Amino acid sequence: MSIAFLNGSYLPLADARISVLDRGFLFADGIYEVAAVLNGRLVDSASHLARLARSVDAIGISLPLPLSAVEAAQRELVTRNGMTEGLVYLQITRGADVTRDFLSPPDLAPTLVMFVQPKVFLDTPAVRDGIAVATMPDLRWKRRDIKSVGLLAQAMAKRAAHAAGAQEAWLVEDGFVTEGASSTAFILTDGAIVTRPYSEAVLAGCTALALTQLARESGIAVVRRAFTVAEALNAAEAFITSASTFCQSVVRIDGQAIGDGRPGPIAMRLRALYIDFAAATGV
């Protein structure tokens with residue numbers, strides 16, 4: 001039986017109830033975070049908590065708990081669920097009002113919910129074989145640096161990618177790849193890994209940030225700039241990063257093989273470095 005956390009209480013996930021008047025449900029007025037768990041420990045927790053704080057501050061929601069207490073609750077959930085490998089999902093909304101109105105009372109109590117999701121990271125077919133991505137127009141709002149629960153455009157992109165036989169969507173704006181529907185996009189070209197600079201156009205990926213630092217420390221050049229779909233198709237390698245995939249090789253884009261059509265050595269090396277980092281720094 002999975003145990004969840006809801007507004008200060010631990011209870012069976014099946015018994016967790018949120019009001020239909022919650023603004024997260026009615027307006028997507030909320031923020032979420034997803035942290036990986038490896039060997040029973042939270043991966044890169046400080047980075048995820050810092051991004052959570054930035055996102056709630058950007059939309060004016062006050063955290064009901066200090067960040068240290070949020071982390072303690074996440075760790076307690078991992079323990080209570082006996083999870084060694086998987087994800088902790090966290091969502092905070094502005095709360096439930098007495099009526100549906102675009103303007104909410106300033107003293108509304110936020111809703112904070114967390115639950116766990118078992119997931120295998122270390123040995124999966126996608127790691128061995130790589131994944132395919134499909135490109136499509138980026139239809140999201142302009143503040144993509146905020147980790148909003150408003151994910152309709154991303155869900156639609158994922159559905160379209162699945163229909164095209166791909167496992168992820170790369171979103172394209174003004175001819176350039178912004179990011180994946182739920183990941184950060186990278187290519188390897190001219191001996192350097194290339195990814196978008198952080199701005200309001202993309203989410204600052206916690207896994208991507210750690211991985212680029214690991215790349216630099218291991219002597220791999222990192223260039224932060226936009227790249228086109230055509231450039232990606234001609235790249236030596238392509239890969240994605242996220243809390244739920246770590247570092248994942250992309251072997252096909254829009255049906256075209258990248259490199260030799262197999263996971264590339266640089267992406268696999270970076271994945272190994274990240275797994276070592278995750279194991280060494282988990283809390």
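Strand β3 (residues 30–38) and strand β5 (residues 85–93) pair in the antiparallel sense over nine bridges, where helices (H or I, at least four residues) and strands (E, at least two) are DSSP runs numbered from the N terminus, and two strands pair if DSSP finds at least two bridges between them. The structure is a predicted model, in which local features need pLDDT of at least 70 and side-chain atom pairs count only at pLDDT 80 or more, while totals for chains, interfaces and linings use all residues. Residues are numbered from 1 along each chain as its sequence is written, and side-chain values use heavy atoms, with hydrogens and water left out.

In soluble globular proteins, nonpolar side chains tend to be buried together. A nonpolar core is taken here as a set of buried Ala, Val, Leu, Ile, Met, Phe, Trp, Tyr and Cys residues joined through side-chain atoms within 4.5 Å, with buried meaning under 20% relative accessible area, exposed over 50% and partly exposed in between (1.4 Å probe, protein chains only). The largest such core has 22 residues, and those with the most contacts inside it are Leu-52, Val-88, Ile-92 and Met-114. Two or more residues are given to this core by each of β1, β3, α2 (45–59), α3, β5 and β6, and the largest share, four residues, comes from α3. A second, separate core of 17 residues includes Ala-185, Ala-232, Val-250 and Ile-253.

Contacts (heavy atoms within 4.5 Å) were examined for individual residues. Leaving aside neighbours within four places in sequence, Val-88 is in contact with Glu-33, Val-34, Ala-35, Val-37, Leu-42, Gln-74, Val-78, Met-83, Phe-115 and Val-116. Gln-74, which lies in helix α3, is buried, with a relative accessible area of 5%. Not counting residues up to four places away in sequence, Gln-74 touches Leu-42, Ser-45, Leu-49, Val-88, Leu-90 and Met-114. Val-283, in the segment after α8, counts as partly exposed at 35% relative accessibility; with the exclusion of residues up to four places away in sequence, Val-283 touches Arg-41, Leu-42, Ser-45, Glu-71 and Arg-75. The C-alpha atoms of Val-283 and Leu-270, which are 13 residues apart along the chain, are separated by 21 Å.

Strand β10 (residues 184–189) has six of its six residues buried, and is therefore largely enclosed by the rest of the structure. Both faces of β10 are covered, with Thr-184, Phe-186 and Leu-188 buried on one side and Ala-185, Ile-187 and Thr-189 buried on the other. In the antiparallel sense, β10 pairs with strand β13 (residues 237–242) over five bridges, Ala-185 standing opposite Ile-240 in β13. Strand β11 (residues 192–195) also pairs with β10 in the antiparallel sense, over three bridges, and here Leu-188 stands opposite Ile-193. The hairpin of β10 and β11 has two residues between the strands, and in this hairpin Asp-190 takes a positive phi near 50°.

The structure holds nine aromatic pairs, where rings of Phe, Tyr and Trp (its six-membered ring) pair if their centres lie within 6.5 Å, and planes under 30 degrees apart count as stacked, over 60 as edge-to-face and the rest as tilted. The rings of Phe-5 and Tyr-10 have centres 5.3 Å apart and planes at 70°, so this pair is edge-to-face. Phe-5 counts as buried at 4% relative accessibility, whereas Tyr-10 counts as partly exposed at 28%. For Tyr-274 and Phe-277, the ring centres are 5.5 Å apart and the planes stand at 45°, so the pair is tilted. Phe-121, Phe-246, Tyr-274 and Phe-277 form one aromatic cluster.
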